[in-house]
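Student: I'd like to go through this model a few residues at a time. Start wherever you like, and keep it plain.

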Amino acid sequence: MALPGCPDKCGDVLIPYPFGIGAQCAAVSLNTFFNLDCKITSNRSRPTVGGPEGLALDVADISLERGEIRVLVPVSHICFTSNVTISVTNTVLFSLQDTPFLPSTGRNRFTVIGCNTLGLVGGVRGGTSQYLAGCYSYCDSISGASDDGAPCTGTGCCEASIPTNLTAFNVSFPINSSSVWGFNPCFYAMVAEVGWYSFRRLDLVGQLGFVNERAKDGATCHR
């Protein structure tokens with residue numbers, strides 16, 4: 001329930017206390033990140049957490065029963081127009097050190113999409129211990145990738161687990177050249193909830209095809 005006199009919903013997302021829309025409706029004495037904004041666009045409203053416009057993340061769901069908040073995280077990507085020419089790149093960096101949140105290790109996976117690509121996720125555990133993991137995905141053609149709906153086991157996409165107590169993390173692509181740009185111009189990587197992503201060969205095609213068609217709002221991540 002929301003505090004008396006406070007909105008209990010933004011769009012179709014319920015806002016239970018200690019979260020609230022506005023500081024007067026949230027438990028800001030516990031943590032300022034419980035204070036949410038209600039972002040209104042031309043066709044929808046959705047709560048955001050984490051900062052001003054452009055830095056905040058959209059909230060998809062809040063569950064006090066599970067102690068979780070689901071947010072939409074931007075997808076990291078790198079695109080090529082030749083073997084060595086990068087046309088666009090975007091890598092995601094998050095610090096959760098001053099927030100009440102940690103990525104859920106059981107409900108999230110690090111996922112990489114592409115042919116002949118290596119994606120890495122690194123960060124800090126508990127403020128001190130460094131962490132680095134990733135996975136490699138390979139295919140020499142679209143027809144050589146896994147079938148649509150197949151598990152991400154390394155042929156078109158791959159997955160890796162993330163550790164507990166990850167207070168800061170970033171995604172990177174250590175290989176800055178591509179031998180498959182002609183049929184697979186973009187590679188993608190994301191920390192997303194288990195089951196959110198289902199592989200399609202079409203995700204390998206076109207400049208930012210996967211982002212524009214399936215992940216405009218980002219990938220759903222549990223915290």
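Tutor: Start with Arg70, which is partly exposed because its relative accessible area is 21%; buried means under 20%, exposed over 50%, and partly exposed in between (1.4 Å probe, protein chains only). The model is predicted, so local features need pLDDT of at least 70 and side-chain atom pairs pLDDT 80 or more, while totals for chains, interfaces and linings use all residues. Residues are numbered from 1 along each chain as its sequence is written, and side-chain values use heavy atoms, without hydrogens or water.

Student: Which residue forms a salt bridge with Arg70?

Tutor: Glu193 does, with the closest N and O atoms 2.8 Å apart. A salt bridge here is a side-chain nitrogen of Lys or Arg within 4 Å of a carboxyl oxygen of Asp or Glu.

Student: How many residues apart are Glu193 and Arg70?

Tutor: They are 123 residues apart, so to speak from distant parts of the chain: Glu193 sits in strand S16 and Arg70 in strand S7. Strands (E, at least two residues) and helices (H or I, at least four) are DSSP runs, numbered from the N terminus.

Student: Is Glu193 buried or exposed?

Tutor: Glu193 counts as buried, because its relative accessibility is 14%.

Student: What does Glu68 pair with?

Tutor: The Glu68 side chain meets that of Arg107 in a salt bridge, 3.1 Å from N to O. Glu68 is in strand S7 (residues 68–73) and Arg107 in the loop between strand S10 (93–95) and strand S11 (108–114), so this pair ties together parts 39 residues apart in sequence. Glu68 is buried at 13% relative accessibility, whereas Arg107 is partly exposed at 33%.

Student: How many salt bridges does the structure hold?

Tutor: Twelve. Another one joins Asp58 and Arg44, whose closest N and O atoms are 3.6 Å apart. Asp58 is in strand S6 (residues 57–63) and Arg44 in the loop between strand S4 (35–40) and S5, so the bridge ties together parts 14 residues apart in sequence.

Student: Asp58, buried or exposed?

Tutor: Buried, because its relative accessibility is 8%. Arg44 has a relative accessible area of 31% and is therefore partly exposed.

Student: Which residues are linked with Asp58 in a network of salt bridges?

Tutor: Lys39, Arg44, Arg46 and Asp217 are linked with Asp58 in that network.

Student: Now Thr48. What is it in contact with?

Tutor: Leaving aside neighbours within four places in sequence, Thr48 is in contact (heavy atoms within 4.5 Å) with Leu36, Asp37, Lys39, Ala56, Leu57, Asp58 and Val59. Both Lys39 and Asp58 also belong to the salt-bridge network. Thr48 itself is in strand S5 (residues 45–49), and its relative accessible area of 8% makes it buried.

Student: And where is Ser137?

Tutor: Ser137 is in strand S13 (residues 129–137), and it counts as buried because its relative accessibility is 0%.

Student: What does Ser137 touch?

Tutor: Not counting residues up to four places away in sequence, Ser137 touches Gly114, Cys115, Asn116, Thr117, Gly154, Thr155, Gly156, Cys157 and Cys158.

Student: Last topic, the protein chain. How many strands are there?

Tutor: There are 17 strands, along with one helix. The C-alpha trace spans about 60 × 45 × 30 Å along its principal axes.

Student: What percentage of the residues is buried?

Tutor: Buried residues make up 46% of the 223 residues in the protein chain. Of the contacts between residues at least 6 apart in sequence, 58% join residues at least 24 apart.
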